[in-house]
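Here's a quick briefing on the structure below. Have the 3D view open as you read.

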Amino acid sequence: MNWREAAENIPEIDKLAAEKMRMHLDTLTKPQGSLGRLEELAVMLAGMQGTVQTDKPAVLVFAGDHGVTAEGVSLYGSEVTALMAQNFVAGKAAVNVLARQIGADVYVYNVGIDATDTAAINRNVRRGTGNIAKEPAMTTAEVKQALQIGADAVEVSKADIIIPGDMGIGNTTASSALLCAYKGLSPEAAAGSGTGVEGQQLKHKIEVIGRAVKRSDAKEPLHILADLGGLEIAAMTGAMIRAASMRKPVLVDGFIATVAAIAAAKLAPGAERFFLYGHKSAEAGHAAALEAAGGEPLLDLGMRLGEGTGAAAAYPLLKMAQALTEEMATFADIGLA
Ligand SMILES: O=C(O)c1ccc[n+]([C@@H]2O[C@H](COP(=O)([O-])O)[C@@H](O)[C@H]2O)c1
Ligand SMILES: Cc1cc2nc[nH]c2cc1C
């Protein structure tokens, strides 16, 4: 389905299924509400899906490069994006290890890597974005292409829980710029260390984000994403929109994924009803991004890797929530009705 059609067809939460789940939880052998957020998760999943179904998670990793790396905003060079894409395909990156632990399939998409050849699924829209400090990241035609790649990836996965992941040297700069444009944050509040920039280099990064935001005159959500975003960020956004339209819960990862979720909710109002937030990243701007998105992270492990790792770490909580609803005895079962 076209991503735009999906965006215009975001379903409501199934309030009846959610209410039924809350009542069912109150019949189980525990003081009411004593399983805390695990109960909340079961209710939320029921509202999203109708029935709670967590058996088939998939990690969709989207990789793309960023022209803004020319400004010296990352500790690493763009060549690392292609190298890490190879690493994902080889099954050797952190997200592959975590995905194996949770039984998730991993799909690796090259949406914008600046290299001629990668082993990833080749959906390259262009070899890296424009330098957002000086020019638009991409055209609206290109951003639409990236959104559609993400949307299609959800359908291909046939998964019931979608974990979008990102890989892109320079993408915390683009994500911070998007956060400023979408939510009116200052570059200081939206910026963070990314791969580890500190001190004078972090000050410089904040200044670059400010230049990009000042340069952009974009007002529409799609135009903002094209002007300041990234190809992998747009693909994640498309995946989140398509997942929401199919009532599939999205387990949102860290800073970049949360900004993609904000973009998804702008492009497809109501999509946020299907988003769960896996963790609070150590990236400085993530707390502000979560607040802007209205997200309550499940974990806070000091992670700041991306790739979908923080969301993958949180996934077992969803599985536990489902198992509790299916396997616990009721008070009637134990003769205490
Ligand atoms: O997900 C996060 O919260 C997160 C926080 C900091 C860095 N990252 C990852 O690091 C890369 C971007 O960092 P940088 O410094 O190059 O902008 C990119 O590949 C992201 O997946 C990810
Ligand atoms: C090595 C490396 C792995 C990553 N995974 C996601 N972002 C990354 C950035 C770097 C630098």
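The largest share of the shell around ligand 1, three residues, comes from α7. Helices here are DSSP runs of H or I with at least four residues, strands are E runs of at least two, and both are numbered from the N terminus. Keep in mind that this is a predicted model, where local features need pLDDT of at least 70, side-chain atom pairs count only at pLDDT 80 or more, and totals for chains, interfaces and linings use all residues. Residues are numbered from 1 along each chain as its sequence is written, while chains are lettered from A and ligands numbered from 1 in the order in which they are written.

**Around the ligands**

- Ligand 1 has 23 residues around it, and the closest are Ser 74, Gly 194, Gly 254, Ser 281 and Gly 306. To count as near, a residue needs its C-beta atom, placed from the backbone, within 6 Å of the molecule or strand.
- Two or more residues of that ligand 1 shell come from each of β4 (161-167), α7 (171-183) and α12 (255-267).
- Sorted by class, the ligand 1 shell has six nonpolar, 12 polar and five charged residues. The classes work like this: Ala, Val, Leu, Ile, Met, Phe, Trp, Tyr, Cys and Pro are nonpolar, Asp, Glu, Lys and Arg are charged, and the others, Gly among them, are polar.
- Around ligand 2 you'll find Tyr 76, Val 80, Met 84, Met 167, Thr 195, Leu 305, Gly 306 and Glu 307.
- The ligand 2 shell splits into five nonpolar, two polar and one charged residues.

**The overall fold**

- The protein has 14 helices and six strands.
- Its C-alpha trace spans about 70 × 40 × 40 Å along the principal axes.
- The radius of gyration is 20 Å, which agrees with the value near 20 Å for a compact globule of 337 residues. That radius is taken over C-alpha atoms, and the globule rule is 2.2 Å times the number of residues to the power 0.38.
- Of the 337 residues, 58% count as buried. Buried means 20 or more other C-beta atoms within 10 Å of the residue's own, exposed means 12 or fewer, and partly exposed is in between, with C-beta atoms placed from the backbone.
- Take the contacts between residues at least 6 apart in sequence: 77% of them join residues at least 24 apart. A contact here is two C-beta atoms, placed from the backbone, within 7 Å.

**Helix against helix**

- Two packed helices are described by the angle between their axes and the distance between the axes. The axes are lines fitted to C-alpha atoms, for helices over the stretch in contact, and angles run from 0 to 180 degrees between N-to-C directions.
- Helix α3 (residues 36-49) packs on helix α14 (residues 309-327) at about 85°, with the axes 9 Å apart. The two are therefore roughly perpendicular; the cut-offs are under 35 degrees for roughly parallel, over 145 for roughly antiparallel, 65 to 115 for roughly perpendicular, and oblique for the rest.
- On the α3 side, Leu 38, Leu 41, Ala 42 and Leu 45 make the contact, and the α14 side includes Leu 317, Leu 318 and Met 320. By class, the α3 and α14 contact has nine nonpolar, two polar and no charged residues.
- The axes of α10 (residues 221-228) and α12 come within 9 Å and cross at roughly 150°, so this pair is roughly antiparallel.
- Pro 221, Leu 222 and Leu 225 of α10 meet Ala 263, Lys 266 and Leu 267 of α12. That contact has five nonpolar, no polar and one charged residues.

**A buried helix and a buried residue**

- Six of the eight residues of helix α13 (residues 286-293) are buried, so this helix is largely enclosed by the rest of the structure.
- The buried ones are His 286, Ala 288, Ala 289, Leu 290, Ala 292 and Ala 293, and what covers them includes α7, α8 (187-190), α12 and β6 (275-277).
- Ile 206 sits in helix α9 (residues 199-215) and is buried, with 20 other C-beta atoms within 10 Å.
- Leaving out residues up to four places away in sequence, Ile 206 touches Pro 187, Glu 188 and Ala 191.

**Positive phi without glycine**

- Lys 158 isn't a glycine, yet its phi is positive, about 55°. Lys 158 is in the loop between α6 (140-157) and β4 and is exposed, with 9 other C-beta atoms within 10 Å.
- Arg 247 isn't a glycine either, and its positive phi is about 60°. Arg 247 lies in the loop between α11 (231-245) and β5 (250-252) and counts as partly exposed, with 18 C-beta neighbours inside 10 Å.
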